[in-house]
Amino acid sequence: MSFTRNHQTALLLATAMVLGVTMADGPSRVNLLKAGKFALLTKTGVTTTGITKVKGDMGTSPIARAALTGFSLVADSTNEFSGSPLVTGNVYASNDAVPTPQLLTDAVLDMQAAYTDAAGRPDPDHLNFGAGSIEGETLLPGLYKWDAGVSFTDGVTFNGSSTDIWILQIGAGLNVGSGAKVKLAGGAKVKNIFWQIVGPAVLGTGSHVQGVFLCKTNMVFQTGSSLKGAVLAQTAVTLDSARITKRSFCDITVGCETS
Ligand SMILES: *[C@@H]1O[C@H](CO)[C@@H](O)[C@H](O)[C@H]1NC(C)=O
């Protein structure tokens, strides 16, 4: 017996309906693999001022530990990572002891692959939505593509179920206004929202965002801004009394779990 593709799809849908399976809306998720271990991963360093709080692991590579400034790092007795009064989790750098250099090389390759995957998804559901001004909008699950930058001054809401996925392809910078908030509704999960940003990404004073930030360049956290999720940046991250919270760690076999 042979089926055409359409027959197979129809059969799968019918089976899903009979079994009562809920089909997720939006694109398939972006797998972070080993990059999913980190709340904050960069290639060229992290600088902080003020009372920053990072909950989760932090890493930088190929640049060395000296590019992590303001963290008052104290090397662990194994020299495989450092601790910091500002970080609940381990801080890894490329010049830490074995096996850390390889862990970071792999994680950086995986974050670059995740960026490329997100950036390369074809056939967006929404092209240049709001011409990049998404203030006050509610984003339903799907693939969003902007040829230029995106901004909002006050807030945006992601509304969908706990299995729905959002991928935002942002062709230039992201500007989040002072005090602006990203809100989730309907069961939407931090780990299912992917921001792919050509860059830079700038969080205004006291703003709050959620999701996995895949940045081709840098991300700037202005005074008192916060992120629930992760930032995986291919240049540097600067923090000023900022808060980054990643609730659980990834199992590298399943990818990222950020909430
Ligand atoms: C989210 O979507 C549901 C279902 O469409 C709707 O009932 C609810 O009002 C929406 N919530 C927000 C905050 O947009």
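# Notebook: strands, rings and a ligand

**Strand β4 and its partners.** I began with β4 and β8 (residues 87–93), which run parallel and are joined by 3 bridges. I note here that the model is predicted. Across this pairing, Thr60 stands opposite Ala93 in β8. Strand β1 (residues 38–42) pairs with β4 in the parallel sense, over 4 bridges. Thr60 turns up again there, as the bridge partner of Thr42.

Which way do the residues of β4 point? Asp57 and Gly59 point one way, while Met58 and Thr60 point the other way. All of them are buried. In a regular strand, side chains alternate between the two faces of the sheet.

**Whole chain.** I stepped back to look at the chain. I found 2 helices and 23 strands. Of the 259 residues, 44% count as buried. The accessible surface comes to about 11300 Å², and 57% of that belongs to carbon and sulfur atoms. I also looked up contacts with a separation of 6 or more: residues 24 or more positions apart account for 52% of them.

**An open sheet.** Next I traced a sheet of 7 strands. It is open, the pairing is parallel, and the order is β5-β2-β22-β20-β18-β15-β12. Which strands are at the edges? They are β5 (68–69) and β12 (150–152), and each pairs on one side only. Inside the order I checked β15 (residues 174–176) and β18 (residues 201–203), a parallel pairing over 3 bridges. There, Leu174 stands opposite Ala201 in β18.

**Ile51.** I looked up a loop residue. Ile51 sits in the loop between β2 (46–49) and β3 (53–55). Is Ile51 buried or exposed? Its relative accessible area is 63%, so Ile51 is exposed. Ser241 is 190 residues away along the chain, yet the C-alpha atoms of Ile51 and Ser241 are separated by 4.5 Å. Leaving aside neighbours within four places in sequence, Ile51 is in contact with Ser241 and Ala242.

**Gln196.** I turned to strand β17 (residues 193–197), where Gln196 lies. Gln196 counts as buried because its relative accessibility is 4%. Not counting residues up to four places away in sequence, Gln196 touches several residues, among them Tyr115, Leu168 and Leu214.

**Aromatic pairs.** My search of the whole structure gave 7 aromatic pairs. One of them is Phe129 with Tyr144: the ring centres are 5.8 Å apart and the planes are at 80°, so the pair is edge-to-face. This pair links distant parts of the chain, 15 residues apart. Phe129 is in the loop between β9 (126–127) and β10 (138–139), and Tyr144 is in strand β11 (residues 142–146). Tyr144 is buried, with a relative accessible area of 1%.

I then looked at Trp195 and Phe213. Their ring centres are 4.9 Å apart and their planes are at 10°, so this pair is stacked. Trp195 is in strand β17 and Phe213 in strand β19 (residues 208–215), 18 residues apart. Trp195 counts as buried at 0% relative accessibility. Phe213 also counts as buried, at 0%. With Phe158 and Trp166, Trp195 and Phe213 form one aromatic cluster.

**The ligand.** My last entry is the ligand. Which residues surround it? They are Thr138, Asn159 and Ala185. An N or O atom in the side chain of Asn159 is 2.3 Å from an oxygen atom of the ligand. On its own the ligand has 360 Å² of accessible area, and the protein covers 27% of that.

Methods:
Residues numbered from 1 in each chain as written. Predicted model: local features only at pLDDT ≥ 70, side-chain atom pairs only at ≥ 80, totals over all residues. Heavy atoms only, no water. Near = heavy atom within 4 Å. Polar contact = N/O pair within 3.5 Å; in protein donor to acceptor, adjacent residues only side chain to side chain. Areas by Shrake-Rupley, 256 points an atom, 1.4 Å probe, with all protein chains shown as cover. Buried < 20%, exposed > 50% of the residue type's maximum accessible area, 1.4 Å probe, protein only. Pairing = 2+ DSSP bridges. Contact = heavy atoms within 4.5 Å. Phe/Tyr/Trp six-rings, centres within 6.5 Å; stacked < 30°, edge-to-face > 60°.
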